[in-house]
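Please read them with the structure open.

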Amino acid sequence: MELAGYTIDVESAVQLINEKHYRTLAVQIPEGLKRHVFPLVDFLKKETHAAVLVSADPCFGACDVVNYELKNLDVDCVIHIGHTAIADVENFWIPTIFLNAQSTLDVSKVVEKALPSLVGKKIGLVTTAQHLHTLETVQTILQQHGFEAFLAAGDERISAKGQILGCNFSSGANLSDQVDCFLFIGSGTFHPVGLSMSTKKTVIAADPYTNTVKKQEIEDMKNNLLRQRYGAILSCRNARRFGILLGLKRGQQRLTQASEIEQMLHDAGRLCLFITQDQFSPSALQGFDLDCYVSTACPRLAIDDYLQYKKPIITPIELEIALGRREWETYVFDEILQE
Ligand code: SF4
């Protein structure tokens, strides 16, 4: 079905639900689609005769599947919309169906617009789940204009060639030796800035929603971010009491890394406390008497939400720099990669 500019294959979910005789469904849907959820719920009710609940919990990625608590409401199937499954996020308490939301926007115009900004002739292509189906078109356009377009598979957390997540740029990193620059198709700046930091290559961002192309802005944002991260690291250098944030969302749990951080802090003579939460928030942390936090949850927490918190939040790599175990020159973006 089409919903607010996206194609969502609810029909395949209906078939599975009917085959399995699921009677109570829970829909998990990203923020931007919540206001359009009515037709989807109606369709599910009509085609399956099941009861349908809609979760208001955040739905930032496939790392974040609402599941266990819904057992109490006799939910027997979760329909998670807007993201492709992450392979190592599994063993759900309730069977979960992932339905990608494919943007219906034509990307040709913005790709044509991006052509003069490309660097060199060998172009790596990357995008988010919403535009994966357009990569073949993008490849053709580039080839028609004399470019070579490259796509690579990522690690196990990445479901398709050319896909990147805000916490995983492996499909780009796997190409970075072969290409002159990257063309990112999608909205926002977090992904292209992260890709640029991860691959050290120029990234041109082509946004089909606004028909805008960003190149220098990505570079400027990367430099601003690096300045901000340097400041965050400095402010943690002499901290005594650290909170190690351990996310409860299934695809954000980095237990091994959290233990390594504990050991690192112990060796450096610092005190630390593991703090868990599903969705970390400034108000939930303000009661603790700690100097700073190291986040092993979603990497965006330390980067995107940094200014909202009263105490500095740094990533595991930034902690290594703060403790003098790593040089600033070897700074890399925090990613959740296949172990
Ligand atoms: S951990 Fe963060 S960046 Fe990664 S998929 Fe989840 S919400 Fe997205």
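1. Two definitions come before the helix packing. Axes are lines fitted to C-alpha atoms, for helices over the stretch in contact, and angles run from 0 to 180 degrees between N-to-C directions. Helices (H or I, at least four residues) and strands (E, at least two) are DSSP runs, numbered from the N terminus. On that basis α1 and α3 pack at about 35 degrees, and their axes are 10 Å apart.

2. A word on the source. The model is predicted: local features need pLDDT of at least 70, side-chain atom pairs count only at pLDDT 80 or more, and totals for chains, interfaces and linings use all residues. Residue numbers start from 1 along each chain as its sequence is written.

3. Back to the helix pair. From α1, Val10, Val14, Ile17 and Asn18 take part; from α3, Leu40, Phe43, Leu44, Glu47 and Thr48. Contact here requires C-beta atoms, placed from the backbone, within 7 Å. By class, the residues of this contact are six nonpolar, two polar and one charged. Ala, Val, Leu, Ile, Met, Phe, Trp, Tyr, Cys and Pro count as nonpolar, Asp, Glu, Lys and Arg as charged, and the others, Gly among them, as polar.

4. Now the sheet beside these helices. Four strands form an open sheet in the order β4-β3-β5-β6, with parallel pairing. β4 (51-55) and β6 (96-99) are at the edges with a single partner strand each, so one side of each has no neighbour in the sheet. Strands pair if DSSP finds at least two bridges between them. The twist averages 20 degrees from one strand to the next. β3 (residues 24-28) is joined to β4 by five bridges, and Leu25 is opposite Val52.

5. How do the helices sit on this sheet? Helix α1 (residues 10-20) touches β3, β5 (77-81) and β6, and makes about 165 degrees with the direction of β6. Helix α3 (residues 37-48) lies across β3 and β4, at about 155 degrees to β4.

6. There is another open sheet of four strands, ordered β14-β13-β15-β16, with parallel pairing. Its edge strands, β14 (271-277) and β16 (313-314), each pair on one side only. Helix α9 (residues 255-267) packs on this sheet and touches β13, β14 and β15 (292-295); α9 makes about 175 degrees with β13.

7. Follow the bridges through this sheet. β13 (residues 241-247) pairs with β14 over seven bridges and with β15 over four. Phe242 stands opposite Cys272 in β14 and opposite Cys292 in β15. Two bridges join β15 to β16, where Ile313 is the bridge partner of Tyr293.

8. Check the side chains of β15. Cys292 and Val294 point one way, Tyr293 and Ser295 the other, and all are buried (20 or more other C-beta atoms within 10 Å of the residue's own; 12 or fewer is exposed, in between is partly exposed; C-beta atoms are placed from the backbone). In a regular strand the side chains alternate between the two faces of the sheet.

9. Is Gly287 buried or exposed? Gly287 counts as exposed because it has 7 C-beta neighbours inside 10 Å. Gly287 lies in the loop between α10 (282-285) and β15.

Definitions and conventions. Contact = placed C-beta atoms within 7 Å.
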